[in-house]
Every structure is written in C-alpha cells, then in structure tokens.
Amino acid sequence: MAVEPVVYGASERPPRGDYARARDDYTCPQNWSAYTEADHDTYRRLYERQSALLPGLACDAFVDALPSLGVKDRIPQFEEINERLTPVTGWEIVAVPGLIPERPFFELLASRRFPVTDWIRKPDEFEYIVEPDVFHDLFGHVPLLFNPVFADYVQRYGAGGLKADDLGAGELLSRLYWYTIEFGLIQQADGLRAYGAGILSSSGELCHSVTSTAPQRIALDLQRCMRTRYKIDDYQATYFVIDSFQQLFDMTAPDFTAHYAAVRSAGDLAADATIASDSRITLG
Ligand code: HBI
Ligand code: FE
C-alpha cells in the first residue's frame, strides 16, 4: 500500500525514495539485488574513508562495534546484520524507503526496530548528502545498537517520542534525538569523542566536532537541549556532551511530561545561544 512520503526539516525538495514499496508501517524489503556495482563501490569507498578517520575521534564503544556490521566492500544485506545484532541487544534493522514521519519512526524505535534507508547516494554526492542514505544509517547508527545501554536508550527514546507526539511535543523530542543520537559527544577518560551518527558518518564534522574551537560544547542538560534549535544544513554550532550512555538512559527513564511546560515557558534558544547556566566544556 502506498504511504505518503515525508519532507524533512525546512526542505522544499521532494523526498527521495520510492514510497510505493512501503508497507503501512513504512518498512519495505531491502531491494538488495537492485544495487549496482557502482552502488557497492560507493559504499566501499565511504566505509574505507570514514573508518580511517575514527581513531582518536570516535568513542570506544563505536570503534569496538563497527566490525559487527560485517562486510565492508559492498552494501550488507540487512538480514546478515540482524543475525548478529538481535542475539546481542534484541534490536533488528528494517529497511525503509527514506525519511518517514515521526509517529511511525517512534513506533519502530519503541519496538526495537531501527529504520535503515535502503538506497545509497550517487557518486557526485560522495562528500555531502542532506537526507540519510544507507551509509549514514548503517555506518552511523547501527554499531551502537550493539551496545546494550545505548540500545536501551534508543528504545526508551522511541517510547518517549510516542508519548510526546500525543502531547504535541514531538519537536522538543526531535531536538533530543538530534543532539544525542545524531550529534552527541561523550567525555571519555582519554578525551572528548563522538558517538552521534551524523558526526560519525561525516568526514568533515567528525574532526570539527571533536577538535575545532569554533563550536561550543555544553554538558548535556535535558531542558537546555530541548530548547535549542538546530542546523540541518551546516555543522552544529553547539554540541552537548555526556559522561556515559548510562546518563542518557537514566535521563530518559522518567517520562518527559513534566519537562515540556518548563521548556515551553523558558522559550526556544538559537543554535548558537549561550546562557549563564551552561556548563561549558573547553578543549584540554
Ligand atoms: N525517518 N528514516 C528516518 N530516519 C530518521 O532519522 C528520521 C525519520 N523520520 C523522523 C525523524 N528522523 C526525526 O523527526 C527525528 O528527529 C525524530
Ligand atoms: Fe541519522
């Protein structure tokens, strides 16, 4: 059954991907045999380039889990990954045609099913692509789903998202997703590292987020994060830093309902805003 495509952020472009293939829950078969040799080659080159950049910039949990994705020289079949992933954390990855609306997105996460876009960027988009493709979704997101605490956080986030949606607070929850799962930094004993998928799958932002003095870095505070608008077409002006995945999970443990009124009355902040209560982290 055809479902409506979704337009992400402020984009005016039509969404990419063939939504006619999608089931009512927006999942679809991974059309693996449709990948061309050029598609596999794009994946292989992206993987090779990005994995070489990780040392000293990506968090240990990510680096340790990356080999669990399996093959590096072609686009993996999602079932091969699930054979390893599901026994470890109970998660499974499911193919989707592209960005999907928030409600079904939260529903998949709440049931420990991570949506992975099945198409890959064209060679002329090698350096930059606005929408998530299979490389961003697999390389960026899936390794940390092998980490039990992080995996539990993502599920709990999905459950919180469903509830937020009922309360009209979906946008506030999107900011939490953005500043943690997509663009989060973590303080390791040996220094600042990236754990967010948007960073880990980007050649430029990986180094920028961890080492540049241009952006500000703030210890993650839930309400501060939910107040902060974000950039979808440039490097982030602000990164939020955690000490451990346990902190993320614990922060998400209670339901967020009580926070929404406080966040709404405090008001939105610009992506690069600084406020007195921020606990700023400087590069050592
Ligand atoms: N759909 N496929 C896909 N991938 C995403 O990351 C995604 C989405 N739909 C909605 C969405 N993200 C955001 O609204 C999150 O902020 C919740
Ligand atoms: Fe993503």
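Modeller: Gladly, and let me start with a hairpin, which is formed by β3 and β4 with 2 residues between them. Please keep in mind throughout that this is a predicted model.

Biologist: Which residues make up β3 and β4, and in what sense do they pair?

Modeller: Strand β3 covers residues 185-188 and strand β4 covers residues 191-194, and the two pair in the antiparallel sense over 4 bridges. Within that pairing, Leu185 stands opposite Ala194 in β4.

Biologist: What order do the strands of the sheet come in?

Modeller: The sheet is an open one of 4 strands, in the order β4-β3-β6-β5, and its pairing is mixed. From one strand to the next, the twist averages 35°.

Biologist: Why do β4 and β5 each have one side without a neighbour in the sheet?

Modeller: They stand at the edges, and each has a single partner strand, so one side of each is left without a neighbour there.

Biologist: How do β5 and β6 run, and how many bridges join them?

Modeller: They run parallel and are joined by 4 bridges, with β6 spanning residues 238-242. As an example of a bridge pair, Gln216 has Thr238 in β6 as its partner.

Biologist: Switching to the ligand, which residues surround ligand 1?

Modeller: The surroundings of ligand 1 consist of Val96, Gly98, Leu99, Ile100, Glu102, Phe105, Phe106, Tyr157, Ser174 and Tyr177. Looking at particular atoms, a backbone N or O atom of Ile100 lies 2.5 Å from a nitrogen atom of ligand 1, and a backbone N or O atom of Gly98 lies 3.1 Å from a nitrogen atom of the ligand.

Biologist: And what about Ser174, which atom of ligand 1 does its side chain lie 3.3 Å from?

Modeller: There, a polar side-chain atom of Ser174 lies 3.3 Å from an oxygen atom of ligand 1.

Biologist: On to helices: at what angle do α4 and α6 pack?

Modeller: Helix α4, residues 102-110, and helix α6, residues 148-166, pack at about 145° with their axes 7 Å apart, and their crossing is left-handed. The contact includes Glu102 and Phe106 of α4 and Tyr157 of α6, residues that are also among those surrounding ligand 1.

Biologist: Is the crossing of α1 and α5 left-handed or right-handed?

Modeller: α1 passes α5 in a right-handed crossing. Helix α1 (residues 37-53) and helix α5 (residues 134-141) pack at an angle of about 40°, and their axes are 11 Å apart.

Biologist: Which residues meet there?

Modeller: From α1 come Tyr43, Leu46, Tyr47, Gln50 and Ser51, which meet Phe135, Leu138 and Phe139 in α5. By class, the residues of this contact divide into 6 nonpolar, 2 polar and no charged.

Notes. Residues numbered from 1 in each chain as written. Chains lettered and ligands numbered in written order. Predicted model: local features only at pLDDT ≥ 70, side-chain atom pairs only at ≥ 80, totals over all residues. Heavy atoms only, no water. Axes fitted to C-alpha atoms, helices over the stretch in contact; angles between N-to-C directions. Left-handed = near helix turned anticlockwise from the far one by under 90°. Contact = heavy atoms within 4.5 Å. Pairing = 2+ DSSP bridges. Near = heavy atom within 4 Å. Polar contact = N/O pair within 3.5 Å; in protein donor to acceptor, adjacent residues only side chain to side chain. Nonpolar A, V, L, I, M, F, W, Y, C, P; charged D, E, K, R; others polar.
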